[in-house]
Amino acid sequence: MSVESGTAEQPESTRRGGTTRDREWRIGRGVAIRAGFYIFGTHLFAGFMWVLSRLGEHAH
């Protein structure tokens, strides 16, 4: 096992097998997926609340 593996001298963009552009794209994609889940979850919750209010209107 060598002490000097060369990873410290490599630029940030070539470490861990990816370029900076690929990493930025992956981060952007993750944000978009997370935002989609939050938007979907919010609409699902709002729909559930709407159903509850409709059921409550018809209760005697």
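User: E57 first. Buried or exposed?
Analyst: E57 is exposed, because its relative accessible area is 54% and the cut-off for exposed is over 50%. Keep in mind that this is a predicted model.

User: What does E57 form a salt bridge with?
Analyst: Its partner is R54. The closest N and O atoms sit 3.7 Å apart.

User: Where do E57 and R54 lie?
Analyst: Both are in helix α1. They are three residues apart, which is about one turn of the helix.

User: And how does R54 count for accessibility?
Analyst: R54 counts as partly exposed, because its relative accessibility is 39% and that class runs between 20% and 50%.

User: How many salt bridges does a search of the whole structure find?
Analyst: One. The pair is E57 with R54.

User: Switching topic. How many helices and strands in the protein chain?
Analyst: One helix and zero strands. The helix, α1, covers residues 20-57.

User: What share of the residues is buried?
Analyst: Buried residues account for 2% of the 60 in the protein chain.

User: Which residues make the nonpolar surface patch?
Analyst: F45, F48, M49, W50, V51, L52 and L55. The patch comes to about 740 Å².

User: Take F48 from that list. Where is it found?
Analyst: F48 is in helix α1.

User: Why does F48 count as partly exposed?
Analyst: Because its relative accessible area is 48%. Partly exposed lies between the buried limit, under 20%, and the exposed limit, over 50%. Patch residues need over 30%, so F48 at 48% clears that cut-off.

Key
Residues numbered from 1 in each chain as written. Predicted model: local features only at pLDDT ≥ 70, side-chain atom pairs only at ≥ 80, totals over all residues. Heavy atoms only, no water. Patch = residues over 30% accessible without salt bridge, like charges linked within 9 Å, V, L, I, M, F, W, Y side chains within 5 Å. Areas by Shrake-Rupley, 256 points an atom, 1.4 Å probe, with all protein chains shown as cover. Salt bridge = Lys/Arg side-chain N within 4 Å of Asp/Glu carboxyl O. Helix = DSSP H or I, 4+ residues; strand = E, 2+ residues; numbered from the N terminus. Buried < 20%, exposed > 50% of the residue type's maximum accessible area, 1.4 Å probe, protein only.
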